[in-house]
Amino acid sequence: MITKDNLDKLTSDLKERAKELNCLYEVQELLSQPDATLQDICPGVIQAIQNGWQYPDVCQVSIKLQDCAFQTDGFVETEWFQSAEIMTQNEAVGIISVYYLEERPQAEEGPFNDDERKLLDAIAAQLGNYLFHQQLKEIFENQKGQVSKRKQEWDTILELLERTDIKLLIRISRKMVNSLCWSGIQEAEPLLELFSPVSLNDGGLLGETNFPFVKKVSNDMPELSRRIFEVASQHLSESEILTSIQKWIQEDRSSFLVDTLEDTGSTLAEISSVIERYYHLTAQGVKLSTQREMSFRVSLIRRMLSDQPSFFNIAKNYIHVKDFNVFMQRIIYPQDSHGKLGGKSAGLFLAKQILVNASEENELFKNIKTPKTWYITSDGLRNFTSYNYLEDIVEQKYKDIAQVRKEYPYVVHVFKNSAFDPEIVKGLSLALNDFGPVPLIIRSSSLLEDRLGTAFAGKYKSLFIANQGTMEERLNQLMDAISEVYASTFGPDPIEYRSERGLLDYHEEMGIMIQEVVGKQVGDYFFPALGGVAFSHNEFRWSSRIKREDGLIRIVPGLGTRAVDRLSDDYPIMFAPGQPRLRINVTHDEIVRYSPRFFDAINLKTRTFETVDIRQFLKKHGAEFPYFNQLISVFKNDRIQPARPLGTDFEQDYLVVTMEGLLRHTSFVEQIYEMLKTLNETYDHPIDIEFAHDGENLYLLQCRTQSYSEDSRRAIIPRDIPPEKLIFSANRYVTNGLVSDITHLVYVVPQQYSEIADHQELLAVGRTIGRLNQILPKRQFILLGPGRWGSRGDIKLGVSVTYSEINNTSMLIEIARQKKDYVPDLSFGTHFFQDLVEANIRYLPLYPDDHGIVFNEEFLEGSPNILTEILPDAGHLEQVIRVIDITAVTNGNILKVLMNAEEEEAVAIIAEPSGAPEKTPRKNESFARSIKTDVHWRWRLRNVEGLAANLDTARFGVKGLYLFGRTKNATAGPGSDIDILIHFDGTETQRLDLMNWLEGWSLSLSQMNYMRTGIKTDGLLDIHLITDEDIASRTSYAAKIGAVTDAARPLALGSFVRR
Amino acid sequence: MATYNPFETAQKQFDKAADLLELDQAARALLRTPMREYHFSIPVHMDDGNKQVFRGFRVQHNDARGPAKGGIRFHPQETIDTVRALSMWMTWKTAVADIPLGGGKGGVICDPHNLSQWEQEQICRGWIRQISKNVGPHTDIPAPDVMTNAQHMLWMLDEYEMIYGERAPGFITGKPVGMGGSLGRTEATGYGTIITVREALKELDIKPENTTASFQGFGNVSQYAIELYHQMGGSTICVSCWDQADQTSYSFRKKEGVNLKELLSITDAFGGIDKSKALELGYEVLPGDAWIEQEVDILLPAALENQVTGETVGKISKRVKIIAEGANGPTTIEADKEIFERKIFLIPDFLANAGGVTCSYFEQVQSNMNYFWEKDEVLGKLDLKMTAAFIAVSDFARKHNLYMRDAAYVISVDRVAQACKDRGWI
């Protein structure tokens, strides 16, 4: 734990360190001035040192060079001093010394500490370097002036190098001979061979000094290089040779970068320091060839951000070596770190760079920001576990998922009570100092997250912290949150997800992003004006005029958390940024009904994350809500208009979140749209972003390739489907997705519907659909009907239903049949569009009369209609509503709708249920999934069989037990209950006993299921008792026994007891 | 098999009334079909640069009693027969309320869900440009209807005024207050319904303070109806409403009487009552259709169609004496028969909810003279109009021993036919 004392010590150390760094930067700055002389530079260096040392008031400095000396005013030598020699080409050319006028407390080297020694050495080295390059520069300049006079100027340079830096001469000669050989010059080849294997292996030498074996080859080197350049001069012009030499000498200075970057063993600290060195070299005018710069970029990207080719192929064009310098300083890493930043960090960094690049041409990007972010490298997690002796945790992923789930709360507890490595704590304190007391979000940034196609969305934790209180409290809040995010790596959800995708063995490390929460404080709450997500491809088009590429925005007031997830009790504002004027909600009723009612915020007082009722909040705080006029509209006098600055009565007016002002009066939509387009084009893949707006600026929070939930990813449309298996096809307004395991199809026959002459009868169709919606297995049936589902008023245009009458369907299909000379417009589900989106009910329009479209009327109108089996009193509608039991008419198969937006194609085909064993192995992913699905119904069946076997029939008065619904149909999911029919013929006491006994089973099974899947239920059994009478009259659920569709299946009773 | 045609249904209804009135052939011929129909094209420059042409209509069924009056609908699959039927219903509606207006209806085939605001504005203005010569404050007065609202009306009014170079607020109703709208419009329908209930109670010789009522729906109509009903001393026992979150409706019951203010404080903009808060306040939460089976004197279906059906009519308590149809078409034909047989006093929809159209008429009157009344004045005049309209229908029903619905229908047809005769048209 952190205490006040060691925190103070830490803070003062940090300040000292910052002072020293500053000193070094100042020196580097001075040396990098292009035409400055020693006389210009040295006084500044002296000044910088004076300020940089621990006791500036008694500090004096002297610099002595061969032909000149500099010192502080009133300089006197004392006994408290330290010095460093200034070297060029291994030769001392001067000395730099620091003296204290008075005695100061003893440190590592007299009154001087270790860091000051390092600093002085670094400054001396920099000066030496500077002097050497000044010399070289002079020579080049002299040579240039005499090009025409002398024939072999390069000779002079070689001579100089021979005298001063033989290693450089070797490297340059070697490069020349390489270059000659590559150009196909045969005379060079024997020369190449003269480089002995030992001397060839100069990889370890580059840029470093004092390697003994250099001397071994030095005897014949000058001769060899002379011969090489003789050959070169026969093939290359004087100036070509000179240019090459010059370039190589320059590049040689950056060779340390190659060493460090190419060496997979180099630590992050080393990389960080070489990037810093490189940064100052470039400031001194050292330029790299484009190719070399590119190779550095790629190395850095691979090392720091991602080793996925899909990533660095794009990133290398946008991220420059210098870009690393800034953010390297905000990376926290353990000693000897080899970590990366992880997918989320890398994605955001790249996206930002792409936008920065594009902002040169596009004004709209100029003000898009990213929040201040600090990073912990991915090996921080390993460091954390090993620091706390938690290494065993890696075994977690190989345990049974039930055990993982059981142990997870303990893992969290242990993690939260573990300490961080002091190195990391130091980094975190620096970060908190830098952030100040503003709320932070701690995001996971795992290595797996950046892989194309693995959408870990929401699998790992992201935590908000208020970051309030004393430094000590804030640091503890931060560490607590980080350890919780770390613990989430070992949570059951990600482990299960990885296991499903065969990623369990992939080395998973977890980087952390510590990001400033964008927002403003209002009252006790801190939140942005708005937050949300945007997708470059719109998978939920509500109008035929909206194209996929018009994108989709989901946006909410406050923190974007409510836009990310689908909500059950609230709605985000949605629109297509490419066509912002085409709204989903048009009538006042729709606009108000589908407007957000709550927002998420951080309560700074209680330091918690809260969901707040927006109307209540506005009553109290009114226009203090950031961006109020852009977000809120007033519903008054039968009009909904954006709130006006002084015209809103917060007590009386009916306020509605519409974002209307944002759309009408700001460039927000354009910014998002352009951003989506640019990123989409650059990635050459659909992307999604998270954003927030604080009322002043738009912030990009996250960017990744568009992720799809399991059921909305692109389906592969099979070719050569046998005609009898193809029920319908579509090729207009298709979205991506797969709707599988459809056991029932409800078809409202368009021709029959249009011929109904009685208004009541038309309404009755809607009510009947509503009843079917209650009875048919949830999310396992689809509705097909003419025209516009949910028509109001003129209901001839489509079946008049409310959302509650269709809310159990898995898919809503509208059929547009050619009428005389026109094809009617479809509704695209607009009557309850947002309800469909939030409930993930898919929509598809069919145009059966289009060329090349299949609409299998033989199947739809020829298959037996079981409407009256289910609803005996609906006989009069038998011609209009056809209910087809797919499983019954296809011998146990199901219907599947495959949709592929890229190919604008969808098909509904008869296929085997996904729970059934596969005949042909599918692609990995779907195969894994099918096994997964398989598990749930099998587990249920096994247990119910056990229950039946244990049931004492005599004791409870039970005559039979039947299974129906999803378990019987082999489609049960992780949260499905088990539908059981019990044929009961006993006394009331027996009934109570039985129900008690079953209740026990139900709760036990529920608990077991929770351990397996993490889904909590109040009991897992759904029990329906039926009597002899019910069976005789086939009332209620008794109709399921021997039913035409979804018939209940009898189970063997009491076998266990009897035995 | 014939397809359902709303116009034919409306004609059959008319024929029934015409038979009772023994109207002659000419009167039937004139009233069976609209007097004028306008069909026109509205070219619109779309946002994406394309041109699109929309079909517009205006049907003036009859203007013998005064300028035609009726809404403008934006509907993607509008048919001329629907517009004809609706225009005819408007004629009967204004006639039964006995206001000096005729019946009309219009619309554009379009789906606002597919259109931007700008495009909708262009459609509105285009509609006016095509028909401006045949509509006007003294000819034909539009109003908002399906998928149109005050904004559309203001665009239309503005275009009309631009063409004629003068202000003509009386050309359109449904305008916002301050832009030519009338006060009291929100209250009008609900108050109007209760005014008819009050008159019915008088006829039945029952004191309002001794009555209880159950309401279906808790929207605008119900809320103001309850307000006035409570002022009269009545007690509301039960209110039903739609629950958006649960996607079902509930009935909220308090046997000692609902407190309107309290209930309004837990109600959203669309009349959805917060279920859990209602429980806290001591309301019983019952299934959505429980409102109909309450032991009350008055039933007020005030939200949806088809609430009193062959199935549910049997649940109506023996105590119920009045059914006042605040909503349009809440009762089916089968239910009508039983209500008639059980001698329950029915106040038919186009009489019970005529408060709305009456207030539109007031808006037009005020706009024409550019002088706007205080709310009290509007509501006072509403009371007079509604009372007179109710007494006329009720007397007629008693005199001719007709079911109230038939009486209201016959009286309005009779008034229109008479106006046509007076003008010498037939």
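This is a predicted model: local features need pLDDT of at least 70, side-chain atom pairs count only at pLDDT 80 or more; totals for chains, interfaces and linings use all residues.
1. **Chain A overall.** Chain A carries 39 helices and 35 strands. Of its 1059 residues, 43% are buried. If you look at contacts in chain A between residues at least 6 apart in sequence, 72% of them join residues at least 24 apart.

2. **The nonpolar cores.** The largest nonpolar core has 196 residues, and A:Leu745 and A:Val746 are the ones with the most contacts inside it. What does A:Val746 touch, leaving out residues up to four places away in sequence? Its contacts are A:Ile769, A:Leu772, A:Phe781, A:Leu783, A:Leu784, A:Ile881 and A:Val883. Another core, of 97 residues, lies apart from it and includes B:Ala64, B:Leu86, B:Leu299 and B:Phe390. As background, nonpolar side chains tend to be buried together in soluble globular proteins.

3. **Where the chains meet.** The contact between the chains draws on 36 residues of chain A and 33 residues of chain B. On the chain B side, the elements giving two or more residues are α4 (117-131) and α5 (150-164). Sorted by class, that side of chain B has 17 polar, 14 nonpolar and 2 charged residues.

4. **Two domains in chain B.** Chain B splits into domain 1, residues 36-171, and domain 2, residues 182-426. Their centres, taken over C-alpha atoms, are 28 Å apart. Across the boundary, 18 residues of domain 1 of chain B are in contact with 27 residues of domain 2 of chain B. Which elements of domain 1 of chain B each supply at least two residues to the side that touches domain 2 of chain B? They are α3 (80-96) and β5 (140-144) of chain B, and α3(B) gives the most, with 6 residues. By class, this side of domain 1 of chain B has 11 nonpolar, 4 polar and 3 charged residues.

5. **A closer look at β5(B).** Why can β5(B) be called largely enclosed by the rest of the structure? Because 5 of its 5 residues are buried. B:Asp140, B:Pro142 and B:Pro144 point one way from β5(B), while B:Ile141 and B:Ala143 point the other way, and all are buried. For its pairing, β5(B) runs parallel to strand β3 (residues 68-75) of chain B over 5 bridges. Within β5(B), B:Pro142 is the bridge partner of B:Gly70.

6. **The seven-stranded sheet.** Chain B also has an open sheet of 7 strands with mixed pairing, in the order β9-β8-β7-β6-β10-β11-β12. At its edges stand β9 (284-287) and β12 (345-347) of chain B, each with a single partner strand, so one side of each is left without a neighbour in the sheet. Neighbouring strands of this sheet are turned against each other by 20 degrees on average, direction ignored.

7. Strand β6 (residues 212-216) of chain B and strand β7 (residues 235-243) of chain B pair in the parallel sense over 5 bridges. If you want a residue pair to pick out in the viewer, B:Phe215 stands opposite B:Val239 in β7(B). In general, strands of a sheet pair through backbone hydrogen bonds, either parallel or antiparallel.

Conventions: Residues are numbered from 1 along each chain as its sequence is written. Chains are lettered from A and ligands numbered from 1 in the order in which they are written. Domain bounds come from an automatic or database domain assignment. Two residues are in contact if their C-beta atoms, placed from the backbone, lie within 7 Å. Helices (H or I, at least four residues) and strands (E, at least two) are DSSP runs, numbered from the N terminus. Ala, Val, Leu, Ile, Met, Phe, Trp, Tyr, Cys and Pro count as nonpolar, Asp, Glu, Lys and Arg as charged, and the others, Gly among them, as polar. Two strands pair if DSSP finds at least two bridges between them. Axes are lines fitted to C-alpha atoms, for helices over the stretch in contact, and angles run from 0 to 180 degrees between N-to-C directions. A nonpolar core is a set of buried Ala, Val, Leu, Ile, Met, Phe, Trp, Tyr and Cys residues joined through C-beta atoms within 7 Å. A residue is buried if 20 or more other C-beta atoms lie within 10 Å of its own, exposed if 12 or fewer, and partly exposed in between; C-beta atoms are placed from the backbone.
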